[in-house]
Amino acid sequence: MARILLADDDIELSGMLVDYFTDEGFDVDVAYDGLTTLNKISVNRYDLLILDVMMPHQNGFDVLRELRMQSLLPVLMLTARGNDIDSIVGLELGADDYLAKPSNPRVMVARIRAILRRAEIQGDRRNGSGEPDKIILDDLVMHTGSRTVTCGNNPVFVTSTEFSLLDVLLREAGNVVSKADLSERALGRKLSRYDRSLDVHVSSLRKKLGPMPDGQERIKTVRGVGYIYSRN
């Protein structure tokens, strides 16, 4: 049973979501402010954090910023409906995905399960099952067993979503991967028209990995189609 921490200061909404998620088979804990959220994460094991932006005693962005200094716990960010800036900031700080409030609980459960599936696949690889131990391309090494990435012999810390995106791009290196295909394979959902998640995650990967040894861009955008990981 996956254990989820729901961080939201709306007590009534949180109670409704706890009931719904529990009926869906999740073990749910609740925090109503940012400080309590970080304290609970420090002493308990969770499989996923649902994090609202607007909270007292450290807002969601502050919580995520501090969390990412010490943990790669998957995070589903809840942002104000129609506020694209909040969504982009959350993704840039390391959220795995986001949803605008209010959201249909069924949609939330689908997103939760997609994130947990990615984490479970990576856990299987860490335990020695599944695919080959590592993928090597030029100066980049992705260890599928330990879920780690090194570039130029330096460790690169990536979120579970970034790891999934990089996994797909490396396996298709030299070939263009459409945004629609990348969304289904890496995020576990169909690409929606105004979804900026892929663009922000790829931008984050570019910053973390830097250019190729010869100076060319490592992940190139094919305008109107998708992305391609360069290979020498």
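Analyst: Val28 is found in strand β2; strands (E, at least two residues) and helices (H or I, at least four) are DSSP runs, numbered from the N terminus. The model is a predicted one, in which local features need pLDDT of at least 70 and side-chain atom pairs count only at pLDDT 80 or more, while totals for chains, interfaces and linings use all residues. Residues are numbered from 1 along each chain as its sequence is written, and side-chain values use heavy atoms, with hydrogens and water left out.

With a relative accessibility of 17%, Val28 counts as buried. The cut-offs are under 20% relative accessible area for buried, over 50% for exposed and partly exposed in between, with a 1.4 Å probe and protein chains only. Residues up to four places away in sequence aside, Val28 touches Ile4, Leu6, Val18, Phe21 and Thr22, where contact means heavy atoms within 4.5 Å. Arg3 is 25 residues from Val28 along the chain, yet their C-alpha atoms are separated by 5.9 Å.

The pairing of β2 comes next. Strands β1 and β2 pair in the parallel sense over five bridges, and Arg3 has Asp27 in β2 as its bridge partner. Two strands pair if DSSP finds at least two bridges between them. From β1 the chain passes through α1 to β2 in a right-handed β-α-β crossover. That term means that, with the strands pointing away from the viewer, the path from the first strand over the helix to the second runs clockwise. Strand β1 is largely enclosed by the rest of the structure, because four of its five residues are buried.

Five strands form an open sheet with parallel pairing, in the order β2-β1-β3-β4-β5. Its edge strands, each pairing on one side only, are β2 (27-31) and β5 (97-101). On average, neighbouring strands here are turned by 20 degrees against each other, direction ignored. Axes are lines fitted to C-alpha atoms, for helices over the stretch in contact, and angles between N-to-C directions run from 0 to 180 degrees. Four bridges hold the parallel pair of β1 (residues 3-7) and β3 (residues 48-52), and Leu5 stands opposite Leu49 in β3. Helix α1 (residues 11-23) packs on this sheet, touching β1, β2, β3 and β5, and its direction makes about 165 degrees with that of β2. Helix α2 (residues 34-43) packs on the sheet as well, touching β1, β2 and β3, at about 135 degrees to the direction of β2.

Phe21, one of the residues that Val28 touches, is buried, with a relative accessible area of 0%. Tyr20 is partly exposed at 27%. The structure holds one aromatic pair. The ring centres of Tyr20 and Phe21 are 6.5 Å apart and the planes stand at 75 degrees, so the pair is edge-to-face. Rings of Phe, Tyr and Trp (its six-membered ring) pair if their centres lie within 6.5 Å; planes under 30 degrees apart count as stacked, over 60 as edge-to-face and the rest as tilted.

Asp8 sits in the loop between β1 and α1 and is buried, with a relative accessible area of 1%. Beyond four places in sequence, Asp8 touches Leu13, Ser14, Ala31, Tyr32, Asp52, Met55, Leu78 and Lys101.

Four strands form an open antiparallel sheet in the order β6-β7-β8-β9. Its edge strands are β6 (134-137) and β9 (154-156), each pairing on one side only. Strands β7 (residues 140-143) and β8 (residues 148-151) run antiparallel and are joined by four bridges, with Val149 in β8 as the bridge partner of Met142. Helix α6 (residues 160-171) lies across β6, β7 and β8, at about 120 degrees to β7.

The largest nonpolar core has 27 residues, and Leu140, Met142, Val149, Leu166, Leu170, Leu182 and Tyr229 have the most contacts inside it. Six of its residues, the largest share, come from α6. Apart from this core lies another, of 22 residues, among them Ala31, Ile41, Ile88 and Leu91. A nonpolar core is a set of buried Ala, Val, Leu, Ile, Met, Phe, Trp, Tyr and Cys residues joined through side-chain atoms within 4.5 Å.
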